[in-house]
Amino acid sequence: RSRGLGDVYKRQVFHWSILTLEGWWIDMKDFKKGLIYAGILAFCIGFGAYIYCNSIKKKIPDKLYIYKQDKAVFSMDIPVVGTVYDSSNNICADNIDFGKQVTIQSGNTGQYYVDYKLFGLLSVARTHMEVVDEKYIYSGGFQVGIYLKCNGVYVVNTETICTYDGQNVVPAKGKINKGDYIIKVNGSQTDTKEQLLQAVSESAGNSMDITVRRDGQEIEEQIIPVKNVAGEYKIGIWVKDDTQGVGTVTYVCEDGTFAALGHGISDNETGKVLDIKDGMIYRTRILSIVPGKNGEPGELLGTIDYREDNIGSIRRNTDKGIYGENAYSLYKEYSPELMKAAGSYEASKGTAYVRFYNNGSFHDYEIDITDLKYGDSKNITFKVTSGELLKLTNGIVQGMSGSPIIQNGKIIGAVTHVFVDDSTCGYGIFIDRMLDKDEKETN
């Protein structure tokens, strides 16, 4: 009997051991779930913090110009604290709260920089600040015909070729991408699409050495052309070597240099700013204006006579506009007004004007600036309030990019984009951003 009781005891111990192990296993599963949830939560918090920091950085300018002996007033309205240093790394001002309106009093010309800390703790950005002499430019607002020559043969896209024997192939797949620039074929410089087409046609189906420029790097690929159903040799790419259109000049300088558009000329497929070899501007005659509609941007329709002599040379196509030289004839033809180029800190919300050349004269049409951002290219958000311009264009239309934005008798920026869903609203770039890009590229 005692032995029987002992057996029961052993069985009970074993039974409770199993229950304990099961409880431990359940606790471990809960613990692992907790770790997974904690990891997901930490990732979400970290990712959210990253997005938030980036959104703050976009509101902070990389470069800032302030005119000497001037007061620069900023309303960034972001939770950062800034410290101003001179070129010798000496602190000029500390604990500046950019969550409130900030006024910076400049002295003589010189180089400075501002370091920003989010909530006064985390370093997020730096602004290079330069105190400069005042800049005066001649206002634009008139339209010109634009012709650009690509720096190489630009690949718009690839396509499938149906061969003479019924196969569907893409010879360029994985070797040539849209956005590439073909610069050499079989070691020979290739500048035009005609040269490329001739080389492919004469290949007789033999392998071709094609050199492309991609993201600044030269890459050589071997491609075998195929014969299509028409008996022609193809490599399956769409290309172009130039582009043209109508745009608006923003400003002209005394030395004949000029800037237009306020944004780069880009490829519709890739959205990348085209790398150009050179270009020209020509006189254009605006024949009609197609007013904008919600979802359908309007446009300026005109003619460009390429048979006439060009009125300026284009040297650069950048994300801040196109830049050129030798535009002396524009002074005589349009008699532009000499105006001060305002620093971005001089722009303010409220009434401003878009200058637009129409029917043989300049017109300043009223707009309302609704928002200002110092970090990206869409610095100025505005709404057209001029009844005259609304009647003429229903707001902003394609071709008006580059039109000067004027406030308090100064050029503060240029029109760059129209809202697709509301043609009465648009974006603009600060004029000092355009001037900065101009000077950087020139130097």
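**Close-up 1. Arg433 and Asp432 pair up in a salt bridge.** The closest N and O atoms of these two are 3.2 Å apart, and a salt bridge here means a side-chain nitrogen of Lys or Arg within 4 Å of a carboxyl oxygen of Asp or Glu. Both partners are tucked away: Arg433 is buried at 11% relative accessibility, and Asp432 is buried too, at 5%. For these labels, buried means under 20% relative accessible area, exposed means over 50%, and partly exposed is in between, using a 1.4 Å probe and protein chains only. Elsewhere, salt bridges with shared partners link Glu134, Lys340, Glu346 and Lys410 into one network. The whole structure holds 21 salt bridges. Side chains of opposite charge can pair when their charged atoms come close.

A quick word on what you're looking at: this is a predicted model, in which local features need pLDDT of at least 70 and side-chain atom pairs count only at pLDDT 80 or more, while totals for chains, interfaces and linings use all residues. Residues are numbered from 1 along each chain as its sequence is written, and side-chain values use heavy atoms, with hydrogens and water left out.

**Close-up 2. Lys383 and Asp422 form a salt bridge between two strands.** Here the N to O distance is 3.9 Å. Lys383 sits in strand β28 (residues 380-384) and Asp422 in strand β31 (residues 422-430), so the pair ties together parts that are 39 residues apart in sequence. Strands are DSSP runs of E with at least two residues, helices are runs of H or I with at least four, and both are numbered from the N terminus. Lys383 is partly exposed, at 35% relative accessibility, and Asp422 is partly exposed as well, at 23%.

**Close-up 3. Asp305 and Arg307 make another salt bridge.** Their closest N and O atoms are 3.1 Å apart.

**Close-up 4. Four residues make a nonpolar patch on the surface.** The members are Phe43, Phe47, Tyr50 and Ile51, and together they have about 470 Å² of accessible area. That area comes from the Shrake-Rupley method with a 1.4 Å probe, and for residues only the protein chains shown count as cover. Patch residues have over 30% relative accessible area and no salt bridge; like charges are joined within 9 Å, and nonpolar side chains (Val, Leu, Ile, Met, Phe, Trp, Tyr) within 5 Å. Tyr50 belongs to helix α1 (residues 2-57) and is exposed, at 52% relative accessible area.

**Close-up 5. The largest pocket has a volume of about 1,000 Å³.** A pocket is found on a 1 Å grid over the protein atoms alone, as an open set of points with protein on both sides within 12 Å along at least five of seven lines; a cavity is a set of points where a 1.4 Å probe fits but cannot get out, and lining residues have an atom within 4 Å of a point. Grid points are joined across faces, edges and corners, and a volume is the space filled by probe spheres set on the points. The lining has 33 residues, with His263, Gly264, Ser266, Asn268 and Gln398 nearest the centre. Strands β18 (237-252), β22 (299-304) and β30 (410-419) each give two or more residues to it, and β18 supplies the largest share, six residues. By class, the lining counts 14 nonpolar, 14 polar and five charged residues. Nonpolar covers Ala, Val, Leu, Ile, Met, Phe, Trp, Tyr, Cys and Pro; charged covers Asp, Glu, Lys and Arg; the others, Gly among them, are polar.

**Close-up 6. The second largest pocket holds about 370 Å³ of space.** Of its 17 lining residues, Ser75, Met76, Lys349, Leu372 and Tyr374 lie nearest the centre. Both β2 (71-74) and β27 (361-372) supply at least two lining residues, with the largest share, three residues, coming from β2. The lining has seven nonpolar, three polar and seven charged residues.

**Close-up 7. One cavity reaches 30 Å³ or more.** The largest cavity has about 30 Å³ of space. Around it are Leu64, Phe74, Met76, Phe98, Ile104, Val114 and Tyr116, giving a lining of seven nonpolar, no polar and no charged residues.
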